[in-house]
Amino acid sequence: MAEFQKLVFSGVQPTGNLHLGNYLGAIRKFVALQKDNDCIYCVVDEHALTAQLVHEDLRGQTRAIAAAYIASGIDPKKHIVFNQSAVAGHAELAWIFNCVARIGWMERMTQFKDKAGGKNAEQVSLGLLAYPSLMAADILLYRATHVPVGDDQKQHLELTRDIAQKFNIDFSANIRKEGYGIDIKVGDEPVHAYFPMVEPLIDGPAPRVMSLRDGTKKMSKSDPSDLSRINLMDDAETISKKIRKAKTDPDGLPSEPEGLKGRPEADNLVGIYAALSDKTKADVLADYGGQQFSVFKPALIELAVSVLAPITEEMRRLTGDTSHIDAILRDGGERANARAEKTMKEVRDIIGFLR
Ligand code: AMP
Ligand code: TRP
């Protein structure tokens, strides 16, 4: 049995302000993974069109995500940082996956149901429905094996596995005939596979950062209340105000993570502290168990500001120099394209497109 070469891939959409959920659920993990892995980090500008077609400043938003990657510590020389639309293979492979995937698979996605909910079929783009097929193409274009994301993307990664599996099975004869693919195990089954079964990397103390105003709602770019989220561009005073005003319950902190059950706001703040300090919730409660929020919140403010302020400052500096960011993205796009073209040549052979 062989194994696919380990490769990390992830992406963030250039829509709206990045917040602490994006940072802890995704970008901070990207940074940690680059030490021991080959990584490709994408700004998924083609995904930005799915929910809203026309964007006032798509270029600026794209640069802002790239700046956040780099300001957070991603090294664009050792790894690849680029924007999706620079590599034509994403859209090309997505078309093929549109023909592999079934409409029912797409209609079952909870994110689709949330975003399309309440609108009729005339008001929702076909792209919003097909979005997970483009996401699968992003990953499988590089035959990536590991994908760090927040908890909300779990279902899309399961669908990516379904698409890979159906492609591997439907084209198994051609994959062998053309001399591509490797023998892997899926569960206990041996299969000859062209595309790997991706592994989601979701764990950590903050896989789902919740709103600061309501511990049962996800922290999100689209929440109308700015007090609900900490934006990566917020200054120290704003961060401090938002954490001071964050909703809590009247009890102090428990001494064990078990005691956070049924207390979503307390659980969220402890999870944020843990993720920002690379600790577990149990470690945090070992230090703060029994304390009131009047003691814990100032400590959380100090920690959040000390982690985020240098990133914010570097993002400001980087976005002020567009030619530098553009050069990084161009270089990343060229290197990504070289890898993508290898896959696309093989995929065209497997399908039987005449070249
Ligand atoms: P998006 O902004 O939707 O493109 O999301 C970019 C990344 O941030 C994805 O990996 C998401 O799963 C992650 N993410 C978004 N919101 C949250 C949240 N509230 N908690 C944890 N991760 C999140
Ligand atoms: N769908 C992801 C989100 O909204 C963004 C994304 C697009 C992505 N392509 C990807 C994440 C590939 C991981 C891998 O957050």
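This is a predicted model: local features need pLDDT of at least 70, side-chain atom pairs count only at pLDDT 80 or more; totals for chains, interfaces and linings use all residues.
Local features need pLDDT of at least 70 and side-chain atom pairs count only at pLDDT 80 or more, while totals for chains, interfaces and linings use all residues. Residues are numbered from 1 along each chain as its sequence is written, chains are lettered from A and ligands numbered from 1 in the order in which they are written, and side-chain values use heavy atoms, with hydrogens and water left out.

Begin by selecting ligand 1 and the 17 residues around it, a residue being near if one of its heavy atoms lies within 4 Å. G150, D152, V209, M219 and K221 come nearest. By class, this shell comprises 6 nonpolar, 7 polar (Gly is counted here) and 4 charged residues.

Next, display helix α1, residues 20–33, which supplies the largest share of the shell, 4 residues. Helices here are DSSP runs (H or I, at least four residues), numbered from the N terminus.

Now examine the polar atoms of the ligand. A polar backbone atom of Q13 is 3.1 Å from an oxygen atom of ligand 1, and a polar backbone atom of G21 is 3.1 Å from a nitrogen atom of ligand 1. At K221, a polar side-chain atom lies 2.6 Å from a ligand oxygen. The protein buries 91% of the 490 Å² that ligand 1 exposes when taken alone (Shrake-Rupley method, 1.4 Å probe).

Finally, select D249, in the loop between α9 (236–245) and α10 (264–276). Its side chain makes a polar contact with the side chain of R263 at 2.7 Å (N or O atoms within 3.5 Å, one able to donate a hydrogen and the other to accept it; residues adjacent in sequence count only if both atoms are side-chain atoms). Leaving aside residues up to four places away in sequence, D249 touches R263, A266 and F293 (heavy atoms within 4.5 Å).

Terms used: Helices (H or I, at least four residues) and strands (E, at least two) are DSSP runs, numbered from the N terminus.
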